[in-house]
Amino acid sequence: MTLRTAFAALALALVLPLSACDETGNTSPDDVAATISDAQIARQNGDYVTSVRLLEGALTANPQSAPVRTELAVTILARENLNLLDLDRIAQFIANGVGGLATGDAPAARGGTCRYAADPTATPFDPTSVAGFPAITASRAEIDRVIALLEPVLPAALRGFDVCTQIGADGALVYDRTAATAQLRAAGLSDAQISQMLATNALARFMRAYLVVTTDVPQQTSWYRLADGSIGVCAADEDALITQTRPAVETLGTALLSLDTRARSFGGASDIVDLATDAFSDIRDALGDYCAGR
Amino acid sequence: MRLRHLAFSAAALAALAAPASAQTFGTLDQDSRAAVLDVVAAGRGGTVAAIATPDSPFFSNPAHMAGTQRLGFTIIGATAGVGGNVRETYDFYDQTLGPAIEEGLDGIRRDDPERLRAIYDEAFRVGASQKTADLAAFAPSARARFGRVAAGIGVFGAGTARARISDGGAGIPFIDLYSQADVLVPVTVAASVPGLPFALDAGVSATYLDRRLTAKADAVDMLDPDNEKVYLFRGSGVRLGAGVQARDVGTPGLDLGLALTNVGSAVDLEYDRAIQIEGPDGAADDAAEIARLQQRFNARGSAAAVRVGAAYRLPFVTPGVDGVSVAADYTSASTAELDQSFQAGLRGGVTASLVGVVSLSAGISQGMPSAGIGVRTRFARIDYATFGVEDGRLLGQQSRRNHAVHIRVGLF
């Protein structure tokens, strides 16, 4: 090797790193793990376009991949800027009236058959006047997409919640959590991904349920904050209301199952699950005749 | 229809957050290696396989020990370095996040949720890139040559801290902190191999490693300002290395180097003790957090690192300038939590000495420029380097700029 040849070889080696000719964008469709890593980094950098593009490509190549579906669902919600603060804001608004828009509360359904209309301590409110509601409404298609992405990932035990039968007498949820967790792990999800998937599924389903009960019910409803901290809802046809909101109740129940699995299998706090289970106990009680008649 | 219990607590909501990253710090290999930051090599892009530094015989290529003059030793030395947007992060914590935590995030959430969202958004922006701090202490080390054989031993302390903030997966900032402190005792033996058409040195090393580390990874709302601990884990092990260096291969001045380092099993870490950060002494340990950390650290591997490189020593440049070398390396050692691309393993650099006292260097490491300057006398050395590190899988994904300074006193 001559000096000139040696120097040229070294110079070439030095130029290589400068070329920036790395593998970005050229990841093999089969290399799911690498694609997910790249997508996560892009998301962390706020580059949702790249993150979604990578994951969409991976999903096309691997339509059954639970990790890809999970990462894409998480990224879509992040891109839509929907997060737990929105859920918290809705919860606070419903319970305490904090965080409402300046448009004012809905008129009360005074009179008629509404049992709360005559209650002087009951405060009527419009559930669609929570701050940020238009943005949530605008993201409905993406919320539905997230749910659709995660639906095949969810084990059977975490789907199809039945409010009449899946809350036990002791208030505990009745489902096979162990089998559900095992199935998720068998699908190739790490524990961290399972936690994320369950949280994302719960958030998306809560949002969808809220949109259903506030915008999809074909009859006018009246909402009240009651003196004991409860929420009262009236409609001209309450039996029809039960039927009309039943999909939303099931959606919320599925969210609850995800939260319960996450809390009890992966160490998260279970306070929220206990609170939500209490709320569902109320719903079941409200549906008492309906459930008894089945 | 009547419902109750619809008000969810902020803590319960925050508990939904999960780390968005596939891995938290310390689960993969880049912190498992037994080594100290080599500031001299960093200035020239990290090239070190075929061109020696004062510490390369211990940590990069054992064959370099054969180049030892009759006797050399370090009495004491130290290295300090920072990486990433440390200043911006400190300002954000000092002026925004810290006061908000003191004020109570739960109260801010209740009274001014948009302010909390703004704080979280800023936390994501500032915290997305990794911030690092590196410290190293150089206790006495010595090296000596006996004919064709040279040997050296040293005692080193090395500490690394990492921090970042990511989206917890549902909009809650997830803080990931990692800290590691090592005591390293390397022993290296090398010899010149006679009878070849070029000079060949070969060496082996064994490094005793005593490691302590801790980590804190939690959603920001879950950090308890009244009761928070960090849990220390400790373990020890031995790492082996071997290397060769061929000099004047084919043409005068062309050197080649190959080294295999960090050979050995992962350190088996056991829970050591807790340190109370906030709250009263004597508070109970969080057994679940300890178990999670144990599981996380046990998942870390310990891949051996291969480094191969070439260097060309220019015979003469100009009066007052000597020791000019051009070098290129490839290393398999990932600098990230992920396996990296081939390009991320490439290094290149050039170094020169001015009037025998000042050394200047420049290079490219992982697609980012580096530079270094040093003042070297027979009894003291001081070096500064700025260099890039890729924290992502591919070049340019998560680039981090670093600065480090090194000083040592001894006989060189």
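A residue is called buried here if 20 or more other C-beta atoms lie within 10 Å of its own, exposed if 12 or fewer, and partly exposed in between, with C-beta atoms placed from the backbone. Keep that in mind for every stop below.

This is a predicted model: local features need pLDDT of at least 70, side-chain atom pairs count only at pLDDT 80 or more, and totals for chains, interfaces and linings use all residues. Residues are numbered from 1 along each chain as its sequence is written, while chains are lettered from A and ligands numbered from 1 in the order in which they are written.

Select chain A. It holds 12 helices and three strands. Both are DSSP runs numbered from the N terminus: helices are H or I with at least four residues, strands are E with at least two. Chain A has 294 residues, and 45% of them count as buried. Two residues are in contact if their C-beta atoms, placed from the backbone, lie within 7 Å. Of the chain A contacts with a separation of 6 or more, 71% join residues 24 or more positions apart.

**Helix α8 of chain A**

Go to residues 177-186. Which residues of α8 in chain A are buried? Pick A:Ala180, A:Thr181 and A:Leu184. They sit on the same side of α8(A), because they cover an arc of only 95° around the axis. The arc is that of the directions from the helix axis to the C-beta atoms. An α-helix has 3.6 residues a turn, so residues three or four places apart point the same way. Now turn the view. A:Thr178, A:Ala182 and A:Ala186 are exposed on the other side of α8(A). Step past the end of the helix to A:Gly188, which follows α8(A) and has a positive phi, near 95°.

**Helices α4 and α9 of chain A**

Select residues 66-79 and 191-216 of chain A, helices α4 and α9. Their axes come within 9 Å and cross at roughly 50°. Axes are lines fitted to C-alpha atoms, for helices over the stretch in contact, and angles run from 0 to 180 degrees between N-to-C directions. α4(A) and α9(A) are therefore oblique to each other. For the wording: angles under 35 degrees count as roughly parallel, over 145 as roughly antiparallel, 65 to 115 as roughly perpendicular and the rest as oblique. The crossing of α4(A) and α9(A) is left-handed, meaning that the near helix is turned anticlockwise from the far one by less than a right angle; clockwise would be right-handed.

Show the side chains. From α4(A), A:Pro67, A:Thr70, A:Ala73, A:Val74 and A:Leu77 meet residues of α9(A), including A:Met197, A:Thr200 and A:Leu203. This contact of α4(A) with α9(A) divides into seven nonpolar, four polar and no charged residues. Ala, Val, Leu, Ile, Met, Phe, Trp, Tyr, Cys and Pro count as nonpolar, Asp, Glu, Lys and Arg as charged, and the others, Gly among them, as polar.

**Helices α4 and α6 of chain B**

Move to chain B and select residues 86-103 and 113-127. Here α4 and α6 pack at an angle of about 160°, with axes 11 Å apart. α4(B) and α6(B) are therefore roughly antiparallel. Their crossing is left-handed. Among the residues that meet are B:Phe92, B:Leu97 and B:Ala100 from α4(B), and B:Ile119, B:Ala123 and B:Val126 from α6(B). The residues of the contact of α4(B) with α6(B) divide into six nonpolar, three polar and two charged.

**Strand residues of chain B**

Pick B:Gln245, in strand β7 (residues 228-247). Buried or exposed is B:Gln245? B:Gln245 counts as buried, with 31 C-beta neighbours inside 10 Å. Beyond four places in sequence, its contacts include B:Asn61, B:His64, B:Asp201 and B:Asp255.

Next, B:Gly349 in strand β12 (residues 346-354). B:Gly349 is buried, with 30 other C-beta atoms within 10 Å. Leaving aside neighbours within four places, its contacts include B:Arg44, B:Ala327, B:Ser361 and B:Ser370.

For contrast, find B:Phe146 in strand β3 (residues 131-146). B:Phe146 counts as exposed, with 10 C-beta neighbours inside 10 Å. Draw a line from its C-alpha to that of B:Gln276: the separation is 51 Å.

**Positive phi in chain B**

B:Asn262 is not a glycine, yet its phi is positive, near 60°. Look for B:Asn262 in strand β8 (residues 254-263). With 22 C-beta neighbours inside 10 Å, B:Asn262 counts as buried.

End at B:Gln366, in the loop between β13 (358-365) and β14 (368-376). B:Gln366 also is no glycine, and its positive phi is about 55°. B:Gln366 counts as buried, with 29 C-beta neighbours inside 10 Å.
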